[in-house]
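Please walk through the fold given here, sheet by sheet, and then look at a pocket and an aromatic pair.

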Amino acid sequence: MVLRVDDVTLDFDGLRALTSVSMSIDAGALAALVGPNGAGKTCLLNCVGGFYAPTSGRIVFGDAAIQGLPPHRIAAHGIARTFQFVELFRGMTVLDNILLRPAPAHAGRVLAGGVFWGRSRREETTHRRRVEEIIEFLELERARKELVASLPFGVQKIVAIGRALAMEPKLLLLDEPSTGMNREEKENLARFLLRIKHELRMTMLWVEHDMELVGDLADTVTVLDFGQRIASGPPDAVLRDPRVIEAYLGRAASREKGAG
């Protein structure tokens with residue numbers, strides 16, 4: 001088991017965003033986290049990534065309890081994430097965006113005899129080689145020297161995934177990567193997610209709204225509604241669960257009634 005979330009509760013100034021949420025992810029799995037708008041999906045992702053500190057509960061990654069750690073320390077454990085809204089440097093090229101990474105832990109040390117310089121140079125060479133492999137893997141060769149701002153939104157989302165992969169994580173957190181994509185772009189995304197799973201053997205926790213994608217790709221699905229887990233298991237069973245259908249269709253019916 002790569003990730004275990006145990007009874008995580010999250011409060012904001014008296015408002016409860018998550019209530020005793022538990023879930024687990026096995027190594028190499030593509031685990032989808034779904035639910036209606038406002039269900040708490042991104043809140044849970046932010047707790048795993050260190051952007052929010054849970055009010056109570058535990059989050060265990062491998063053998064380490066990581067709840068409450070800051071994002072840079074969680075990243076050092078081997079967790080990387082993308083965001084729902086692309087967070088890239090739009091005035092920089094695809095290559096330069098993917099090359100960016102946090103400074104190594106030893107960067108601030110004063111080492112004698114040029115040891116630091118030699119190590120840094122080797123690490124930089126290795127990192128650049130890795131970035132070129134990612135660009136090829138994600139089929140971004142033609143765009144590698146293009147400014148991010150000039151690219152279609154769907155391609156920008158793939159670049160963001162590339163930057164996360166460049167951190168060589170053990171767990172990849174994906175926050176609604178298909179948002180804003182057209183059908184062709186979603187098909188490309190699906191292909192890359194399957195390649196990341198099967199070729200890189202990377203574990204992923206994937207927040208998604210497109211239930212067709214979830215049904216086609218996910219190994220497991222956890223459903224949140226009003227900050228609580230209402231279902232978890234294989235996609236075929238979960239997406240037919242009456243509670244899940246009610247959470248989605250019941251919410252949609254209420255909106256239509258209100259609009260009428």
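Two strands pair if DSSP finds at least two bridges between them. Helices (H or I, at least four residues) and strands (E, at least two) are DSSP runs, numbered from the N terminus. The model is a predicted one, in which local features need pLDDT of at least 70 and side-chain atom pairs count only at pLDDT 80 or more, while totals for chains, interfaces and linings use all residues. Residues are numbered from 1 along each chain as its sequence is written, and side-chain values use heavy atoms, with hydrogens and water left out.

Strand β1 (residues 3-12) runs antiparallel to β2 and is joined to it by seven bridges. Along this pair, Val 8 has Val 21 of β2 as its bridge partner, and Leu 10 stands opposite Leu 18 in β2. The hairpin of β1 and β2 has two residues between the strands, and Asp 13 takes a positive phi near 45° there. β1 also pairs with β4 in the antiparallel sense, over five bridges; here Val 5 stands opposite Ile 59 in β4.

Contact means heavy atoms within 4.5 Å. Axes are lines fitted to C-alpha atoms, for helices over the stretch in contact, and angles run from 0 to 180 degrees between N-to-C directions.

Rings of Phe, Tyr and Trp (its six-membered ring) pair if their centres lie within 6.5 Å, with planes under 30 degrees apart counted as stacked, over 60 as edge-to-face and the rest as tilted. This rule gives two aromatic pairs. The ring centres of Phe 12 and Tyr 52 are 5.0 Å apart and the planes are at 75°, so this pair is edge-to-face. Because Phe 12 lies in strand β1 and Tyr 52 in the loop between α1 and β4, the pair ties together parts that are 40 residues apart in sequence.

Another open sheet is formed by six strands in the order β6-β7-β8-β3-β9-β10, with mixed pairing. β6 (79-81) and β10 (228-233) are the edge strands, each pairing on one side only. On average, neighbouring strands of this sheet are turned by 15° against each other, direction ignored. Strands β7 (residues 171-175) and β8 (residues 203-207) run parallel and are joined by five bridges, with Leu 171 opposite Thr 203 in β8. Helix α6 lies across β3 (30-34), β7 and β8, at about 150° to β8.

α6 (183-198) also contributes to a pocket: together with α5 (153-165), each supplying at least two residues, α6 lines the second largest pocket. α6 gives the most to this lining, with five residues. Of the 17 lining residues, the closest to the centre of the second largest pocket are Leu 138, Glu 139, Leu 140, Val 155 and Asn 188. A pocket is, on a 1 Å grid over the protein atoms alone, an open set of points where a 1.4 Å probe fits, with protein on both sides within 12 Å along at least five of seven lines; lining residues have an atom within 4 Å of a point.
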